[in-house]
Amino acid sequence: MSETLVEKEVLERVIGEALGRGGEFAEVFVEDRATSSAVLDQRRIEELSSGRDRGAGIRVLVGETTGFAHTADLSERGLLAAAHAAAAVAREGGGGVREIALGDLRDHPTHAVVLPGDVEKAKKIELLRHADDIARSEGSSITQVQVALGDSTRRFVVANSDGVFASDHQVRTRFNISCVASGDAGMQTGYRPVAGTRGFELLTMQAVEDAARGAARQAITKLDARPAPSGDLPVVLAGGSGGILFHEACGHGLEADAILKNASVYAGKVGQQVASSLVTLVDDGTVTGEWGYLAIDDEGRPGARNVLIENGILTDYMWDYLRARKEGRISSGNGRRQSYQHLPMVRMTNTYLLAGESDADEIVAQTARGVYVAQLGGGQVNTATGDFVFGMTSAFLIEDGKITAPLRDCNLIGNGPDVLQRVDAVAKDFSMTPGTCGKDGQSVPVGTGQATMRLTGVTIGGTAA
Amino acid sequence: MSELVERAQRILESVQGDEQIEVYLSSGVDTEVQAYQGEIENLSSATSSGIGIRVLRDSASGAQVGTAWAGSLDEEAVSDALREARDNARFATEDEYLAFARPDGVAGASLELSDPSVLSTPIEEKIAMAIELERMVRGGDARIRQVDSANYSDYVAEAAIVSTTGIRATYARSGAYVSVEAIATDGVSDQTGWGLSAGRAPRDLDLREAATDAISRATRMLGAVKPASMKCTAVFDPRSTATLLSIVGGALSGEAVVYGRSFFANRIGEDVASSLFTLIDDPTDPRHFAASVFDGEGLACRRNVLIEKGNLMGFVYDTVSARRAGTVSTGSAVRGGVAGSPSAGCRALVLEPGDVDQVEMFRRVGEGIFVESMSGVHSGVNPISGDFSVGITGLMIRDGQLAEPVREITVASTLQRMLLDVLYVGNDVDWLPGTAAGQSLAIGGIAVSGS
């Protein structure tokens, strides 16, 4: 970090103040985030926006209780006031202000090559216009194109009473394009994101053009879409966005906060067969450049590669500091927070299914009748029951082993533990997709990934018989 | 309050040349308590403030707007934001329709939306409410095996919008909520239920109602089965109806319409819904949780009839979308805090109540499905094409009464079809937090996808 957000001595005094009423653990998280975005719509550059958010969140643990306060005032006085507010949960009195000595800062420079601040605004606009042109050149039925470009530079320092003192510099860049195609039967939409924990170098001409063409073609193809079937059918998920299935179907249920409250169908199942033997699921914060990459999590713990399910056997859950402390173990590097205004909790990073041995084309060829899902949208899960849904935003019928008619958008629905048993083929063609994961009102960037794979049966929520 | 306005007015003084400036300032205080196993799990308190600045440059060939925001009101953050907004404006495409709102003579409704007792209520009382709520749910039914979280939260917020085009509006609002999620078990499988109560102050909250709702939703789903696929009438509960109305409201945004992203475009005067369906956006009704005196551009909010007896009457507009459509703002600018720019949107939707209660509706429907919760709304509903497919849990309706619980199914149709297929509108309006109130609503021709 080129400049210090808050001096070490100040952090030490603030942690000392936070522990002053008998807290067992205190943490200061100081964050400075600069964001910028540009939007093209209706062929117009509609808006450039810049934002700056800076502040600190302070938490104090006393027994089973967490006290938390945040402030945008980074002066010592402001931080001490927030520390005092966070400490209010410790009502026992305690022994006065504690002496805290932090060691050397563990700093983590960004891997970004072209930093957002070094990119001319005119260059961003040129990129938006180019994407718009490419999308519209795909066909006259493209009537709407919306392109957005955003970047964020997030620097934070986290220090706690266990001696953690670390900082990170996270640069993320995101581009997305949405197209509307209009035909006799109404309007259809296409969408493609490109996002990474990288600088502007992420947006190569090739990446932008591929996304623009992909979004336009998706919308145009869906103009001929027929209503999706209704009922149970085999489903082949194309590599990439299908990973959201694992994010929803079991990822959230493997987060230790749900486990420790016995509010997950996977509680108490470590060592048991919870999935088909083809399933090896990993959550991995160390994949450099991916959307869910982090050098350290928001509690200062290094990002890690954690195997959650190995050959169908549940091996471990994901942990943050608080939940790991309760179990007398260490965090798995999954403590994340949306901003300094939020408490950290257990979150995924990049969650993916390891590739298998099959050939993607053969998986389709060996499916007599089913649905081929080229792109999944978002999803949602109830961790206590395991029931989940996720939306297909680009899907086709499979008839006699061939991909045929496009289908209209609809949701798939299933039960996590059940669907994990239904994986009967996994191909070699692995890829990843960026997404935004929402949990208890907090959004964080995550990656999901998988290779082309087949589920023996999933309920398709369409309208056709 | 006047302090915020004065602060905003001072920023306007730095206006240069032909530009216009709009300043949106906000500040707030939040408290949040989570209870677990009779103890405080989390206690958060915070004050926050922020500024959003928009700068408009005018020229012969059109206007350009640039925006910037900051999460604090310190001098440096404010001057940085103004400089960035000014710079950003240079890069926008010149557009003859861009403009900031100007006073239109419509007076704001007289509404008291902020209750000072939120701040004067001691924190101990707020903590006690969360703990009591958890206790009520745990003790309310032997089948409740876990309470995932029992929460109390409140806020008091103020905002001011001023502009060099003559806008000077201030807002104050408060809110208090309790919510709880219960997990019930029958020894074989688990089900969850969620209850809430909302108001403008702690004294408005009904813990018993939230607890009872969570318990009954969780327990009556026990033993739920996956039914066979079928086509039938669905009765949506008030919460689900509110979600539906919010989605329909999105397609009634003048912005979606002028941009050709709404299935309602070019259909003014047509019958787009059943004659039982009269949809109004009315932020001036104080019963509505999202009631507001001013919109996101500082114009007075007003009552807008959008669909009357099935006939499409109009859309909601902010200043810019109205200019594009050749009309005037309906006082319907919404914005997502200081970081968001105004856009046209519904704020306080309500469906004119019908003449049947829920029990009578079940009786009239006879055979069908009662939708108690929906999931995957953001992934399964396409507001542009109108495709609709959501996961639900609920109960079958047999012989005019609620029967066995069902789960792991989807209900699907298109929004266009659903509006026309409305069979009964309930009289049981629930003024829920969010952009829409809801009541029981029966819709025919729904495809249920199960086993």
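The model is predicted. Chain B has 11 helices and 18 strands. The contact between the chains takes 64 residues from chain A and 61 residues from chain B.

**Overall form of chain B**

- The C-alpha atoms of chain B fill a box of roughly 70 × 55 × 35 Å along the principal axes.
- Chain B holds 11 helices and 18 strands. Its radius of gyration is 24 Å, close to the 22 Å that the globule rule gives for 451 residues, so chain B is as compact as a globular protein of that length.

**Contact between the chains**

- Chain A gives 64 residues to the contact, and chain B gives 61 residues. On the side of chain A that touches chain B, the largest share, 12 residues, comes from strand β2 (residues 44-62) of chain A.
- Sorted by class, that side of chain A has 19 nonpolar, 32 polar and 13 charged residues.
- Strand β2(A) is also joined by five bridges to strand β3 (residues 62-70) of chain B, and the two strands run parallel.
- A:S50 has B:A68 in β3(B) as its bridge partner.

**Two helices of chain A**

- Helix α1 (residues 8-18) and helix α2 (residues 76-87) of chain A have axes that come within 8 Å and cross at roughly 25 degrees. Angles under 35 degrees count as roughly parallel, so α1(A) is roughly parallel to α2(A).
- The crossing of α1(A) and α2(A) is right-handed.
- From α1(A), the contact is made by A:V10, A:V14, A:E17 and A:A18. From α2(A), the residues include A:L79, A:L80 and A:A83.
- The residues of this contact divide into eight nonpolar, one polar and two charged.

**A six-stranded sheet in chain A**

- An open sheet of six strands in chain A has the order β11-β10-β9-β14-β21-β20, with mixed pairing. β11 (313-314) and β20 (431-439) stand at the edges, each with a single partner strand, so one side of each is left without a neighbour in the sheet.
- Within this sheet, β9 (residues 281-284) and β14 (residues 350-353) of chain A pair in the antiparallel sense over three bridges. A:L281 has A:L353 of β14(A) as its bridge partner.
- Helix α5 (residues 243-251) of chain A lies across β9, β14, β20 and β21 (442-450), and runs at about 120 degrees to β21(A).

**A four-stranded sheet in chain B**

- An open sheet of four strands in chain B has the order β10-β9-β8-β13, with antiparallel pairing. Its edge strands, β10 (311-312) and β13 (349-351), each pair on one side only.
- Strands β8 (residues 279-281) and β9 (residues 304-308) of chain B are antiparallel and joined by three bridges. Here B:L279 stands opposite B:I307 in β9(B).
- Helix α6 (residues 238-251) of chain B lies across β8 and β13, running at about 115 degrees to β13(B).

**Strand β1 of chain B and its partners**

- Strand β1 (residues 20-36) of chain B pairs with strand β2 (residues 39-59) of chain B in the antiparallel sense over 17 bridges. One of the facing pairs is B:A35 opposite B:I40 in β2(B).
- The hairpin of β1(B) and β2(B) has two residues between the strands, and B:Q37 takes a positive phi near 50 degrees there.
- Strand β1(B) is also joined by 14 bridges to strand β4 (residues 144-163) of chain B, and these strands run antiparallel. B:G28 has B:A157 in β4(B) as its bridge partner.

How values were computed
Residues numbered from 1 in each chain as written. Chains lettered and ligands numbered in written order. Predicted model: local features only at pLDDT ≥ 70, side-chain atom pairs only at ≥ 80, totals over all residues. Axes fitted to C-alpha atoms, helices over the stretch in contact; angles between N-to-C directions. Parallel < 35°, antiparallel > 145°, perpendicular 65-115°, else oblique. Left-handed = near helix turned anticlockwise from the far one by under 90°. Contact = placed C-beta atoms within 7 Å. Nonpolar A, V, L, I, M, F, W, Y, C, P; charged D, E, K, R; others polar. Pairing = 2+ DSSP bridges. Rg over C-alpha atoms; globule rule 2.2 N^0.38 Å.
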